[in-house]
Amino acid sequence: WLDRPREFSSLLPLSIPEITSCSAYLDYETLESYSVQLSLEQAQELLDMLSQPDYRRVGPAEGLSDREFPLLRIFLHTSGSNRCELMLNGEEMLVSPHEGRSISYRPEDSRAHHAALTAFLEDCLTQNEA
């Protein structure tokens, strides 16, 4: 049962309707790093994109390495003290709750999904700088 496909919302230690803010960091191999605070509309669009594929559990994890794509770090916050960090490296997504163990998942069509998320976040960065 651990290998069954899962919906994005079932991976999070908080419920999607409780999320009040979202920020993201794009870390490139060239040591360039960009951060963006998403508007509520952008955060909802990002959550919708993250909800599209099914995910399969890879197992407990300490971090992501050996990446050829930008590392995406997404921070989800609720109005309380709950938060969750997502890290995506093009192959896997690491879900790191505020408290508890981090677990890695592999989204369907992971590289294409990562490319779409990267393009979306880069577009948000450009829009928010304007």
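A residue is called buried under 20% relative accessible area, exposed over 50% and partly exposed in between (1.4 Å probe, protein chains only). By that scale Arg111 is partly exposed, with a relative accessible area of 41%. The model is predicted, so local features need pLDDT of at least 70 and side-chain atom pairs count only at pLDDT 80 or more, while totals for chains, interfaces and linings use all residues. Residues are numbered from 1 along each chain as its sequence is written, and side-chain values use heavy atoms, with hydrogens and water left out.

**Helix H1**

- Helix H1 spans residues 40-51 and has 12 residues; helices (H or I, at least four residues) and strands (E, at least two) are DSSP runs numbered from the N terminus.
- From its first C-alpha to its last, H1 reaches 16 Å, close to the 16 Å expected at 1.5 Å a residue, where the expected span is 1.5 Å times one less than the number of residues.
- The buried residues of H1 are Gln42, Ala43, Leu46, Leu47, Met49 and Leu50.
- These residues lie on the same side of H1 because they cover an arc of only 160 degrees around the axis, the arc being that of the directions from the helix axis to the C-beta atoms.
- Leu40 and Glu41 are exposed and sit on the face of H1 turned away from its buried side.
- The buried residues of H1 pack against strands S1 (19-27), S2 (33-37), S3 (55-60), S4 (71-78) and S5 (83-88), and against helix H2 (110-129); contact means heavy atoms within 4.5 Å.

- Glu85 is buried at 14% relative accessible area, whereas Arg73 is partly exposed at 26%.

**Salt-bridge network**

- Arg111 forms a salt bridge with Glu91, the closest N and O atoms being 2.5 Å apart.
- Arg111 belongs to helix H2 and Glu91 to the loop between S5 and strand S6 (93-97), 20 residues apart.
- Glu91 is partly exposed, at 26% relative accessibility.
- Arg106 and Glu92 meet through their side chains in a salt bridge (3.4 Å, N to O).
- Arg106 lies in strand S7 (residues 103-107) and Glu92 in the loop between S5 and S6, so this pair ties together parts 14 residues apart in sequence.
- Arg106 is partly exposed at 33% relative accessibility, while Glu92 is buried at 19%.
- Salt bridges with shared partners join Glu91, Glu92, Arg106 and Arg111 into one network.

Note on methods:
Salt bridge = Lys/Arg side-chain N within 4 Å of Asp/Glu carboxyl O.
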